[in-house]
Amino acid sequence: MLSLKCILFVLLQAVSCWGEFFSSTSGLEKLFQTEVVLLEELQNYVNGIYQHAEALQGEIDAIRVEHQSAANGIDDYLNNPVNAFRLIKRLHSDWETFEGSVASDTSRADYLEAMSGHRANLSYPSSDDFLGSAIALTRLQQTYQLDVAELASGILNGVKYGTAMSWQDCFVLGQHLYALRDYNHTVPWLQQSMQLLGEQSYGEESASLDFMEAVVDYHREMGAHESALGLVNHVLSVEPDRRSHLLEIRQQLEQLITDGDKNGLLHLTARRPGDYHASREFRLYEQVCRGELKPQPAAQRNLRCRLRRSRSGYIPFKLEELHLDPLVVQLHQVVSAEESEFLQRTARPRIKRSTVYSLNGGGSGAAAFRTSQGASFNYSKNSVTKLLSQQVGDLSGLDMDNAEDLQVANYGIGGHYEPHWDCFPANHVYDEGDHKGNRIATGIYYLSDVEAGGGTAFPFLPLLVTPERGSLLFWYNLHPSGDEDYRTKHAACPVLQGSKWIANVWIRERHQDKVRPCDLQRNHEISLPFRDFD
């Protein structure tokens, strides 16, 4: 068994310093190819040292045969002149040859040199990727209320998707969550790590028990007294005599539990007042993502599916009403599988981290509440982007000349976009030369199916739209008066399994008055309660 310290050193040193990959499953393909190359390189090294070791083992076995013969009578053995010669010869020249063989073995140096070259030329994850993937796991755990033991076993919502995590994987995840001060998630991952360590063939060896003792200190510092006590009891059950110093710690922990002690990092770092993730609105969003909140039957009674005649001579649209006020509709089978794949292939070389507009102007930037990568295209780019523009214009009658560029996006590990409005707030500072007005409407083309998660959630409706490849989701962001419709706040639920590709269409208000004229009376009051919901 490799020493525990050695294992952890390797794991912690595996975080390198290259571009961002966690925010897009497309980027992860490069990392997989990197590991394919590294695996082959390591296999070559192992093959080389194995052949060298086999040759040396042959010499060792031959000498041991000699020593076994001598064991029957060392004097008789050495009195034989042939044996005496062979002993002298081995010590005079053979052992020098063995040393030379080891010294001349270049396999280690060759391997390290090759690895150095790969680090300069292949794709490696950065520290941000590592932390981003760790946070993504806890996001999935929280949003979908996943059991840590099942998640570590590769089971997502009751379905086995992949291989299980090792105890080292769970420990390193817990350690980094601890560094991020996310103690509520640290505790169960450390518990799972120790559970898996105890199940290993070496789980009761002294080195493993030493490691468990170290983890006891994590739990004590966080105030997770029950977890610490459980670990102490396990260690004592295996080595009661050698670990007698833990008896006093056990007594202390039992007393703290009896007293209901609430000291420790878990209790000192409660969510800050005003933390959005602790708000009622955010809880609604998570409930919609889990499918726990749905529109009432009365709200669905008047919804219809129908064929919508095309204004431009296309075959009729298969239109499904998902919500009437505000109007949210989904058009099915409007983009073919070939067209979806074409857009993905076109976007892959250009995608970069998706950004959000700054409330105070000054452009846009990446944000933790949106983890995806995207690429923008003018609708005149190719025949497929032109088709998408024509379809949205055909459906809505809106002037697509005032639409923003099409944005093709791919969501990464646990990729999500927390609740937001697409329309700009009243105090939004438009870029110089931007006279197109607010975003009057949004269209989302789903370019892929998603195995689990990844739906579009409207917390206030409450409505969850499951990604369906080839379909278009459409709604208006503004009331006819031009005021923001706060009911249209929506989010991209975290992707639990699969790869989510979409194409975003945002249409601005300029020159849309003929299609959607302003009402003489403002009618935005109905959505005002949702402006400052929590």
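## A walk through the helices and loops

Let's start toward the end of the chain, where His511 lies in the segment after strand 19 (500-508). Helices here are DSSP runs of H or I with at least four residues, strands are runs of E with at least two, and both are numbered from the N terminus. His511 is not a glycine, yet its phi is positive, at about 65 degrees. With a relative accessible area of 52%, His511 is exposed; that word means over 50%, buried means under 20%, and partly exposed lies in between (1.4 Å probe, protein chains only).

A word on the model before going further. The model is predicted, so local features need pLDDT of at least 70 and side-chain atom pairs count only at pLDDT 80 or more, while totals for chains, interfaces and linings use all residues. Residues are numbered from 1 along each chain as its sequence is written, and side-chain values use heavy atoms, leaving out hydrogens and water.

Another positive phi in a residue other than glycine turns up at Asn157, near 55 degrees. Asn157 sits in the loop between strand 1 (155-156) and strand 2 (159-160), and its 48% relative accessibility makes it partly exposed. For a backbone feature of another kind, look at the peptide bond joining Asp325 and Pro326: it is cis, with omega about 5 degrees. Pro326 belongs to the loop between strand 4 (317-324) and strand 5 (327-332).

Now to the helices. Helix 2 (residues 25-71) is where you'll find Glu41. Leaving aside neighbours within four places in sequence, Glu41 is in contact with Tyr111, Ala114, Met115 and His118, contact meaning heavy atoms within 4.5 Å. Glu41 and Ala120, 79 residues apart in sequence, are 15 Å apart in space from C-alpha to C-alpha.

Helix 2 also packs with helix 4 (residues 81-104), at an angle of about 160 degrees and with the axes 12 Å apart. Axes are lines fitted to C-alpha atoms, for helices over the stretch in contact, and angles run from 0 to 180 degrees between N-to-C directions. Helix 2 is therefore roughly antiparallel to helix 4; the cut-offs are under 35 degrees for roughly parallel, over 145 for roughly antiparallel, 65 to 115 for roughly perpendicular, and oblique for the rest. The crossing of helix 2 with helix 4 is left-handed, in that the near helix is turned anticlockwise from the far one by less than a right angle. On the helix 2 side, His52, Leu56, Glu59, Ile63, Glu66 and His67 meet Asn83, Arg86, Arg90, Trp95, Phe98, Ser101 and Val102 of helix 4. That contact has five nonpolar, four polar and four charged residues, where Ala, Val, Leu, Ile, Met, Phe, Trp, Tyr, Cys and Pro count as nonpolar, Asp, Glu, Lys and Arg as charged, and the others, Gly among them, as polar.

Move on to helix 8 (residues 167-179) and helix 10 (residues 206-222), whose axes come within 13 Å and cross at roughly 30 degrees. That angle makes helix 8 roughly parallel to helix 10. Helix 8 contributes Trp167, Phe171, Gln175 and Tyr178 to the contact, and helix 10 brings Phe211, Val215, Tyr218, Glu221 and Met222. Seven of the residues in this contact of helix 8 with helix 10 are nonpolar, one is polar and one is charged.

Helix 8 is also one of the elements that the buried residues of helix 6 pack against, along with helix 7 (148-152), helix 9 (183-198), helix 14 (280-289) and strand 18 (495-497). Those buried residues include Asp129, Gly132, Arg139 and Leu140.

What about helix 14 itself? Seven of its ten residues are buried, so helix 14 is largely enclosed by the rest of the structure. Among the buried ones are Phe282, Leu284 and Tyr285. The cover over the buried residues of helix 14 includes helix 6, strand 11 (417-420), strand 14 (456-458), strand 15 (463-465) and strand 17. After helix 14 comes Gly291, with a positive phi near 80 degrees.

Finally, two spots further along. His479, in the loop between strand 16 (472-476) and strand 17 (490-492), counts as buried because its relative accessibility is 5%. Setting aside residues up to four places away in sequence, His479 touches Glu484, Asp485, Arg487, Arg516, Asn523, His524, Ile526 and Ser527.
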